[in-house]
Amino acid sequence: MKKNIEITPNIETLFGTRDENLRLLEDGLNVTIDLKAESVEIEGAARDVSRAEQVFCDYDHLQRAGFSFVNGDLSSMLRVLASDPSVTLRGLAEAGKQRSFGKRTVQPKGINQRRYLESIEKNDMVFGIGPAGTGKTYLAVAMAISALVSKRVNRIVLARPAVEAGERLGFLPGTLQEKVDPYLRPLYDALYDMLEPEKVDRYLEKNVIEIAPIAFMRGRTLNDAFIILDEAQNTTSEQMKMFLTRMGFNSKAVITGDITQIDLPSNKKSGLVEAMEILREVNGISFVHFDESDVVRHHLVQRIVRAYDDHKNRPEAQLSLALNGNSKTAMNGNHTVTPGLAPDVLPSESGYDQNTEI
């Protein structure tokens, strides 16, 4: 089936840089799109052509209504649309309302991001779980800033476990704050992206915004606060329970993590994995799960996440994980490492099992 659509004013902005959005639609909807002098020709199965035509109609409607797409919103929505026949471009754009966070206006880039923001608005405790690049931390910080600016909370507390990603950095120079700052840099990055640098510095100086390792949370009760625990997959069971019980009156907590990137020693269970098992039926707690289709970084990140997931699900990979997890003695060159004993290791060895099965 072939269908010709008249080119309307400004419709070319739908095409994307070097027509990348048209290629995305072709691959996702199984159609061929050919640009003519005054029209666009769509060829394919009747149902697929109809969906592609709807995209053009929806985009034209949104343009006329004054809707603007920024920061890759359009390509992200088109990916969601291509993977889910039940959604439309107009539905995604209008349902995922734009929100103002400090100096930024954020448009949810997919169904799960919209669910995530709505869950944070409706619930006092939300878990955002999924792979890197899905906006878990960024959106949580955005919601925290929104709550602070609108005076719904008096302060923001951002916590993160100080765990190296598979390597030991040794003793770091400087004050205690300078030692832990490298671990907390992603939280600073999100803050400075949302607010003017002078305002962030002033909030940090007055402790209106506090960034600290999770170890500093013990014994505290946090009232009138928006609390975020980032990289929660690297908390132990004890740390997670301690953090979850810090909430005071008029407080909201968001816990984010990626259970496929746990950097704890192999004999330690992730507090996030345990919390998912224990708290799933607790009223008032919401769990939002992201997958590779929600990745909003470079398009290669989405492919990398999918490739790792596919590799992990192969029978030979699962057998390797099982063997590594059940092995009592691990050989490393001429050095033997036995769990529970002082290992004879080289200084550069981390002691972490990178193949921990979760």
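How many bridges join strand E1 to strand E3, and in which sense do the two strands run? E1 is joined to E3 (residues 39–44) by 5 bridges, and the two run antiparallel. Strands (E, at least two residues) and helices (H or I, at least four residues) are DSSP runs numbered from the N terminus.

This is a predicted model, in which local features need pLDDT of at least 70, side-chain atom pairs count only at pLDDT 80 or more, and totals for chains, interfaces and linings use all residues. Residues are numbered from 1 along each chain as its sequence is written, and side-chain values use heavy atoms, with hydrogens and water left out.

**The sheet of 3 strands**

E1 and E3 belong to an open sheet of 3 strands in the order E1-E3-E2, with antiparallel pairing; two strands pair if DSSP finds at least two bridges between them. Strand E1 (2–6) and strand E2 (31–35) are at the edges and have a single partner strand each, so one side of each is left without a neighbour in the sheet. Opposite Glu6 stands Ser39 in E3. Helix H2 (residues 46–64) lies across E1, E2 and E3 and runs at about 150 degrees to E3. Angles run from 0 to 180 degrees between N-to-C directions, and axes are lines fitted to C-alpha atoms, for helices over the stretch in contact.

**The sheet of 6 strands**

A further open sheet is formed by 6 strands in the order E8-E7-E9-E10-E6-E11, and its pairing is parallel. Its edge strands, E8 (209–213) and E11 (285–289), each pair on one side only. Within this sheet, strand E9 (residues 225–229) and strand E10 (residues 252–257) pair in the parallel sense over 4 bridges, and Leu229 has Ile255 in E10 as its bridge partner. Helix H10 (residues 271–278) packs on the sheet, touching strand E6 (125–129), E10 and E11 (contact means heavy atoms within 4.5 Å). The direction of H10 makes about 120 degrees with that of E6.

| E8-E7-E9-E10-E6-E11 | 15 degrees |

**A pair of helices**

Two packed helices are described by the angle between their axes and the distance between the axes. Helix H1 (residues 20–29) and helix H3 (residues 73–83) pack at an angle of about 10 degrees, and their axes are 9 Å apart. H1 is therefore roughly parallel to H3 (angles under 35 degrees count as roughly parallel). Among the residues that make the contact are Leu24 and Leu25 of H1 and Leu78 and Arg79 of H3.

Conventions
Parallel < 35°, antiparallel > 145°, perpendicular 65-115°, else oblique.
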